[in-house]
Structures are given as structure tokens and as C-alpha cells.
Amino acid sequence: MDMINEVELLTISQVADITGLSVHTLRYYERVGLIHAIDRADNTHRRYSRDDIGWIEFLMKLRATGMTITDMQTYAELQRGGDATLPERVEMLKQLQRDVETHIAELNAHLGLIRYKIEFYGGIIAEHGLEPRCE
């Protein structure tokens with residue numbers, strides 16, 4: 001392995017620090033096929049590339065949007081299938097987009113109610129000269 005590639009490769013602990021995922025989660029993601037088999041050094045320790053980190057960060061975003069692990073596994077398998085699977089991946093992402101937009105609309109409705117209550121209670125506080133309690 002040349003010196004440049006060696007410098008660019010990171011240990012599982014370094015990747016955990018960068019991504020905020022635990023070492024256990026990174027191993028789990030590899031075990032269930034979300035992450036391809038990670039290259040290993042001569043001492044068998046995992047060595048992650050910058051591309052691996054980019055993929056992991058993408059998976060984290062999918063998970064944060066509510067995508068299930070099962071759907072993430074399907075997406076990862078399709079991704080490994082190359083460009084021939086682009087139509088299926090686009091359809092999965094379109095469905096995820098619809099789901100996220102629906103969730104955002106629901107959250108905005110909840111936020112509207114919270115804003116209303118703050119304004120309503122603020123009016124009562126002002127009307128009665130009440131001071132907010134600081135705890």
C-alpha cells in the first residue's frame with residue numbers, strides 16, 4: 001500500500017468519532033449489508049476510506065428521515081448493483097421524499113398549534129400582569 005492511501009485510511013474508532021456512530025453500530029451496519037465489507041489492514045483492523053465515510057453519512061441521513069433498516073438494506077444492495085439499478089433507487093428516494101414531506105407538513109401543523117398556545121397564554125399573562133416563572 002502506498003503512503004498516500006495509507007494516510008487517507010481511517011480506523012473504525014476514527015470513523016466513529018467523525019460520524020458520531022458507535023463502533024458497535026458501524027460493525028452492525030457492515031454485518032447487515034448496509035456497508036460493503038470494509039478493507040482491512042495486515043493486522044485485520046478495518047480501514048475506512050473517505051468514500052466509505054461519505055456512504056455512511058448518506059445512510060445516516062436516510063435513517064434520520066425515517067427510512068427503515070430493511071429499506072436501507074434494499075437501497076444499499078441496489079447501489080452495489082450499479083447504474084442499472086438507478087430507476088429503482090430513484091423510485092425509493094421519491095417515496096422517501098413524499099414521506100418526509102408529509103411528516104414535515106404534520107410537524108408544521110403541530111408547530112402552528114404550539115405557536116397559537118404561546119400567543120394565547122402570552123395574552124393571558126399580559127392581561128393579568130403575571131410574570132413567567134424561571135426555574
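Predicted model: local features only at pLDDT ≥ 70, side-chain atom pairs only at ≥ 80, totals over all residues.

Colleague: Let's start with the fold. How many helices and strands does the protein chain have?

Modeller: The protein chain comes to six helices and zero strands. Read along the sequence, that gives the pattern α-α-α-α-α-α.

Colleague: And how do I tell whether the protein chain is a compact globule or more spread out?

Modeller: Look at the radius of gyration. Here it is 23 Å, well over the 14 Å that the globule rule gives for 135 residues, so the protein chain is more spread out than a compact globule. The C-alpha atoms fill a box of roughly 75 × 40 × 25 Å along the principal axes. As for burial, 24% of the 135 residues count as buried.

Colleague: What do the buried residues of α6 pack against?

Modeller: They pack against α4 and α5, the latter being residues 69–80. In α6, R89, M92 and L96 are buried.

Colleague: Can we zoom in on one of them? Which residues is M72 in contact with, leaving aside its neighbours within four places in sequence?

Modeller: M72 is in contact with Y29, L34, L59, L62, R63 and M67.

Colleague: On to charges. How should I read a salt bridge?

Modeller: Side chains of opposite charge can pair when their charged atoms come close. The structure holds two salt bridges. In one of them, the side chains of E30 and R46 meet, at 2.6 Å from N to O. That pair links distant parts of the chain, with E30 in helix α3 and R46 in the loop between α3 and α4, 16 residues apart.

Colleague: Are E30 and R46 buried or exposed?

Modeller: E30 is buried, and R46 is buried as well.

Colleague: And what about the salt bridge of E91?

Modeller: E91 pairs with K94, and their closest N and O atoms are 3.9 Å apart. E91 and K94 are three residues apart in helix α6, so about one helical turn separates them. E91 is partly exposed, with a relative accessible area of 44%, and K94 is partly exposed too, at 39%.

Colleague: How many aromatic pairs are there?

Modeller: The count comes to six aromatic pairs. Take the rings of Y28 and Y29: their centres are 6.2 Å apart and their planes are at 50°, so the pair is tilted. Y28 counts as partly exposed at 28% relative accessibility, whereas Y29 counts as buried at 6%.

Colleague: Are the rings of Y116 and F120 stacked or tilted?

Modeller: Stacked, because their planes are at 20°, with the ring centres 5.9 Å apart. Y116 and F120 are four residues apart in helix α6, so they too are separated by about one helical turn. Y116 is partly exposed, with a relative accessible area of 49%, and F120 counts as partly exposed at 40%. There is also an aromatic cluster formed by W55, F58 and Y75.

Colleague: One last thing, the backbone. What should I look for in phi?

Modeller: Most residues other than glycine have a negative phi. T44 is not a glycine, yet its phi is positive, about 75°. You'll find T44 in the loop between α3 and α4.

Notes: Residues numbered from 1 in each chain as written. Heavy atoms only, no water. Salt bridge = Lys/Arg side-chain N within 4 Å of Asp/Glu carboxyl O. Helix = DSSP H or I, 4+ residues; strand = E, 2+ residues; numbered from the N terminus. Buried < 20%, exposed > 50% of the residue type's maximum accessible area, 1.4 Å probe, protein only. Contact = heavy atoms within 4.5 Å. Phe/Tyr/Trp six-rings, centres within 6.5 Å; stacked < 30°, edge-to-face > 60°. Rg over C-alpha atoms; globule rule 2.2 N^0.38 Å.
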